[in-house]
Amino acid sequence: MKCFKDGEFLAIEEVKLSVDDRGYVFGDGVYEVIKVYDGVLFTAQEHLERLIESAAKIRMVLPYTVEQLIEIAEQLVQQNNLTVGHIYLQVTRGVAPRAHQFPNEFVSPVVIGYTVENPRPFAQLEMGAAMKSVEDMRWLRCDIKSLNLLGNVLAKQEAVESNCQEALFVRDGLVREGSASNVFGIKDGVLHTHPANHFILNGITRRVVLQLASELSIPVKEKEFTLTEALEMDEFFFTSTNAEITPVVTIDRQLIGEGVPGPLTRKLQKAFDAQLPMLLAAGHADERNANGSAS
Ligand code: PDD
């Protein structure tokens with residue numbers, strides 16, 4: 001596998017990282033995950049603009065433009081013959097002896113990238129997932145896609161230990177987002193989701209869903225709701241680059257609606273598939289038809 005590091009494409013064994021890298025020592029950096037369908041990057045421009053924004057929010061300047069980053073990502077896809085999976089890109093503040101304050105201006109950021117092959121989560125997209133609510137103990141800049149993910153890691157582990165696929169962060173009684181996803185509820189035909197502020201990451205998939213909702217004339221309310229309100233939604237789902245639009249059938253073991261993926265969730269999933277590279281969308285549709293569960 002070829003990895004990108006600081007301007008070069010290297011075999012994974014050739015990549016050398018320092019113990020003094022501030023990403024390793026402090027989690028002092030930012031990252032992105034970009035989906036690849038059929039060898040084509042999906043919403044790469046949006047992801048890479050967010051990478052530059054996240055970097056700026058922690059007072060880091062990336063040594064590459066969006067266009068250069070797209071070129072790097074495309075090279076990674078090509079060199080690794082990736083068809084379906086994702087690109088992981090990470091930028092840290094650089095290498096310097098351990099001291100909390102920023103190193104001097106001559107230290108350059110460390111940029112790495114690699115590909116991961118992984119299929120679309122068809123079974124979960126079809127059957128839905130279970131969520132477990134957890135107290136949101138993270139810092140208050142959840143809008144930054146930072147490498148500091150300890151709060152997310154602990155939440156996800158707690159969910160997994162309860163046989164759930166995703167954690168549902170609740171802060172001050174209000175539902176915020178998943179441990180690695182955004183969340184949406186549907187009540188009486190209206191799509192509800194948390195506003196894009198510092199309590200959540202403004203997911204790229206979230207933005208795609210809001211665009212699809214507008215195209216499908218589904219009314220949207222971007223306003224906080226409580227855990228009790230979440231449990232009373234007719235439908236619920238979470239979104240992320242890899243999870244796409246995953247229906248949620250239970251929260252804290254309580255059924256959402258009938259406890260099966262609902263009709264508006266299916267409609268949004270279908271609209272999502274329709275904008276992916278053609279071959280894959282057709283394959284997914286066939287698979288659903290073969291299961292007799294086309295919506
Ligand atoms: N996580 N909220 C959080 C806390 C996330 O970590 C993510 C994504 C999202 C959804 O963002 P997007 O739709 O842009 O993927 C929301 C990534 C994929 C991860 O850490 O693996």
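I count a polar contact as a pair of N or O atoms within 3.5 Å. The model is predicted, so to speak for local features I need pLDDT of at least 70, side-chain atom pairs count only at pLDDT 80 or more, and totals for chains, interfaces and linings use all residues. I number residues from 1 along each chain as its sequence is written, and side-chain values use heavy atoms, with hydrogens and water left out.

A polar side-chain atom of R50 lies 2.9 Å from a ligand oxygen atom, and one of Y31 lies 2.6 Å from an oxygen atom of the ligand. On E177, I found a polar side-chain atom 2.7 Å from a ligand nitrogen atom.

I then checked burial: the ligand alone exposes 480 Å², and the protein buries 88% of that (Shrake-Rupley areas, 1.4 Å probe).

I got 19 residues, and Y31, E177, I204, T205 and T241 are the closest. Domain 1 (2-119) and domain 2 (123-276) each give at least three residues to this shell; their bounds come from an automatic or database assignment.

How values were computed:
A residue is near a molecule or strand if one of its heavy atoms lies within 4 Å of it. A polar contact is a pair of N or O atoms within 3.5 Å; within protein, one must be able to donate a hydrogen and the other to accept it, and residues adjacent in sequence count only if both atoms are side-chain atoms.
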